[in-house]
Amino acid sequence: CRSRLRALGSYNPGAIEEYANIKMQRDELYTQVTDLTNSYDELTNIITRIETEMRTTFVDAFNKINKNFGITFKELFGGGSAELLLTDPEDVLTSGIEIKAAPPGKIIKNLSLLSGGEQSFVAIALLFAILKVNPTPFCILDEIEAALDEVNVYRFGEYIKNFDDGTQFILITHRRGT
């Protein structure tokens, strides 16, 4: 019996109190881990919900802008076609946006093949398409039509009148037609 008692080791009278302290610390840490795990799950759910809303909102706005871009382009150029494409439609939040535009009578595979004035007019058409979807109370345009020829400056000047009921424009220009 004595050898079995020696094998058990020495008796610690404070073992019960140490156990209670260690158990209390363990319970506090376990509670903190549980809180952190629950917070992580909540944040993950919030992020997922926000990403879903962002995808839906982006796709909706993108489709409206794309539709208006085609219409605005035809109105400004007097024909032709234009559209916006997502480079990765599966992941719209990280996708790039490609602009395809073909003025009337031209087949264009790359925007860099357009003249400087045509490129400016495409950008103006895109700006007006965005303004149709998300109008602003005022807009400042600084020599936006500088690269346009006189005919297109006149078209730009006439087209901007379509927005005079909801948006005030401040135009900085050196062109009489504007």
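Helices (H or I, at least four residues) and strands (E, at least two) are here DSSP runs, numbered from the N terminus, and the expected span of a helix is 1.5 Å times one less than its number of residues. Please note that this is a predicted model, in which local features need pLDDT of at least 70 and side-chain atom pairs count only at pLDDT 80 or more, while totals for chains, interfaces and linings use all residues. Residues are numbered from 1 along each chain as its sequence is written, and side-chain values use heavy atoms, with hydrogens and water left out.

Let us begin with helix 2. This helix, residues 15-77, has 63 residues and reaches 89 Å from its first C-alpha to its last, close to the 93 Å expected at 1.5 Å a residue. Its buried residues include Phe62, Ile65, Phe69, Phe73 and Phe77; buried means under 20% relative accessible area, exposed over 50%, and partly exposed in between, with a 1.4 Å probe and protein chains only. Among the elements that cover the buried residues of helix 2 are strand 1, strand 2, helix 3 (116-133) and helix 4. After helix 2 comes glycine 78, with a positive phi near 75°.

I turn to the salt bridges, each a side-chain nitrogen of Lys or Arg within 4 Å of a carboxyl oxygen of Asp or Glu. The structure holds 8 of them. In one, the closest N and O atoms of lysine 64 and aspartate 60 are 3.5 Å apart. Because these two residues are 4 apart in helix 2, about one helical turn separates lysine 64 from aspartate 60.

Which residue does lysine 132 meet in a salt bridge? The partner is glutamate 75, at 3.8 Å, N to O. Lysine 132 lies in helix 3 and glutamate 75 in helix 2, so the pair ties together parts that are 57 residues apart in sequence. Salt bridges with shared partners also join Lys23, Arg26 and Asp27 into one network.

Finally, consider threonine 167, in the loop between helix 4 (150-160) and strand 4 (168-172). Is this residue buried or exposed? Threonine 167 counts as buried because its relative accessibility is 6%. Its side chain reaches the backbone oxygen of threonine 136 at 2.8 Å, a polar contact being a pair of N or O atoms within 3.5 Å; within protein, one must be able to donate a hydrogen and the other to accept it, and residues adjacent in sequence count only if both atoms are side-chain atoms.

Technical notes. Contact = heavy atoms within 4.5 Å.
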